[in-house]
Amino acid sequence: MAEFTRDEALAFIEAMRLTLTGKVGFKWLVEKLSGLSGYIESLSAENTRLNAYLDASGTRADYDAYDVRILEATASDLPDVLAVERAAFNEDSEAELVEALLNDPTAQPLLSLVARQGDIAVGHILFTAAQLKESPRDLSIALLAPLAIVPDAQRQGLGGQLIARGLELLAESGVDLVFVLGHPEYYPRHGFEPAGRLGLTAPYPIPEKDAGAWMVQELRPGILGTVSGTVAIADALDRPEYWRE
Ligand SMILES: CC(C)(COP(=O)(O)OP(=O)(O)OC[C@H]1O[C@@H](n2cnc3c(N)ncnc32)[C@H](O)[C@@H]1OP(=O)(O)O)[C@@H](O)C(=O)NCCC(=O)NCCS
């Protein structure tokens, strides 16, 4: 087994404390300590034994080390939501955009979801109202922007969970189409496809090389291909700088 320096030992104890108090998941701990492979192996074995014990004793059969709750954000969540945006993007502009959208009547109805691991807010997703100009049909449309996961919690599937829960709630509330401008390798994993080639144009022109970043998903089957036009978005998002990838 590897030997710890004093600083490593203190970092290890702090990481264990965070894990055992439910502030972070076991996967986070493993990643944090990935340099200490001997300890990780023993911890993994210990975790397996602990889960088996908990299941067998019937005390916490639903124990999940990655336990995440996704909730609709309320006014009291705002400081946490803005902190998540700042941490994920490492700048203030997305936090400012979120605050502006939450106060923008033209963004309504909106859906704002916060993901918490234990008490800690680790993710946020916002969907705001949009319209399809020139469409003869009365469609209910949402725009996904932004999606943010704090750096320590990235690549654990949280972004995907927030998207899935958001789409589920939007479908229940009768939304027909959801648009997003984002990573073209990421959103297709969650059901989005390029929108431009379907005749659904972004609010501001997207350069040809980034055309794949403007995407759509239908929540009511059979709509795509039957409607076309330009998407109009909430006033707070209606600025060209938000539409450059
Ligand atoms: C992009 C983001 C929302 C993804 O959330 P996440 O919870 O980390 O992602 P998931 O765990 O659901 O999915 C992970 C996969 O997404 C892909 N992915 C993550 N970030 C990506 C990025 N910036 N570009 C392309 N693909 C990305 C990876 O392929 C990753 O798979 P891998 O671990 O096998 O390599 C998150 O990393 C984030 O908040 N980043 C900073 C802010 C941002 O860019 N927001 C999106 C604006 S469109």
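Predicted model: local features only at pLDDT ≥ 70, side-chain atom pairs only at ≥ 80, totals over all residues.
Leaving out its neighbours within four places in sequence, Gln-217 is in contact with Val-178, Gly-191 and Phe-192, where contact means that the C-beta atoms of two residues, placed from the backbone, lie within 7 Å. Residues are numbered from 1 along each chain as its sequence is written.

Gln-217 is found in strand β8; helices here are DSSP runs of H or I with at least four residues, strands are runs of E with at least two, and they are numbered from the N terminus. Is Gln-217 buried or exposed? Gln-217 counts as buried because 21 other C-beta atoms lie within 10 Å, the rule being that 20 or more such atoms within 10 Å of a residue's own C-beta make it buried, 12 or fewer make it exposed, and anything in between makes it partly exposed, with C-beta atoms placed from the backbone.

β5 pairs with β8, residues 214-218, in the antiparallel sense over five bridges, and two strands are said to pair if DSSP finds at least two bridges between them. Within that pairing, Phe-179 stands opposite Val-216 in β8. β5 also runs parallel to β4, and four bridges join the two. The chain passes from β4 through α6 to β5 in a right-handed β-α-β crossover, that is, with the strands pointing away from the viewer, the path from the first strand over the helix to the second runs clockwise.

β3 is itself mostly covered, with 11 of its 13 residues buried. β3 also pairs with β2, residues 111-117, again antiparallel and over seven bridges, and the two strands form a hairpin with two residues between them, where Gly-118 in the turn has a positive phi of about 60°. Strand β9, residues 229-233, runs antiparallel to β3 and is joined to it by three bridges, with Leu-132 opposite Val-231 in β9.

Next, helix α5, residues 93-102, in which Glu-94, Ala-95, Leu-97, Val-98 and Leu-101 are buried. Seen down the axis of α5, these buried residues fall within an arc of 160°, so they line one face of the helix; the arc is that of the directions from the helix axis to the C-beta atoms. An α-helix has 3.6 residues a turn, so residues three or four places apart point the same way. The cover over the buried residues of α5 includes α4, β3 and β4.

Now the ligand. Which residues are the closest to it? Of the 17 residues that surround the ligand, the closest are Ile-149, Gln-154, Gly-159, Gly-160 and Gly-182, a residue being near a molecule if its C-beta atom, placed from the backbone, lies within 6 Å of it. α4, β4 and α6 each supply at least two residues of this shell, and β4 gives the most, with four.

Most residues other than glycine have a negative phi, and most peptide bonds are trans. Against that background, the peptide bond from Ala-145 to Pro-146 is cis, with omega near -10°, and Pro-146 lies in strand β4. The bond from Gln-108 to Pro-109 is also cis, with omega near -5°, and Pro-109 lies in the loop between α5 and β2. Arg-155, in the loop between β4 and α6, has a positive phi of about 60° although it is not a glycine, and it counts as exposed, with 10 C-beta neighbours inside 10 Å.
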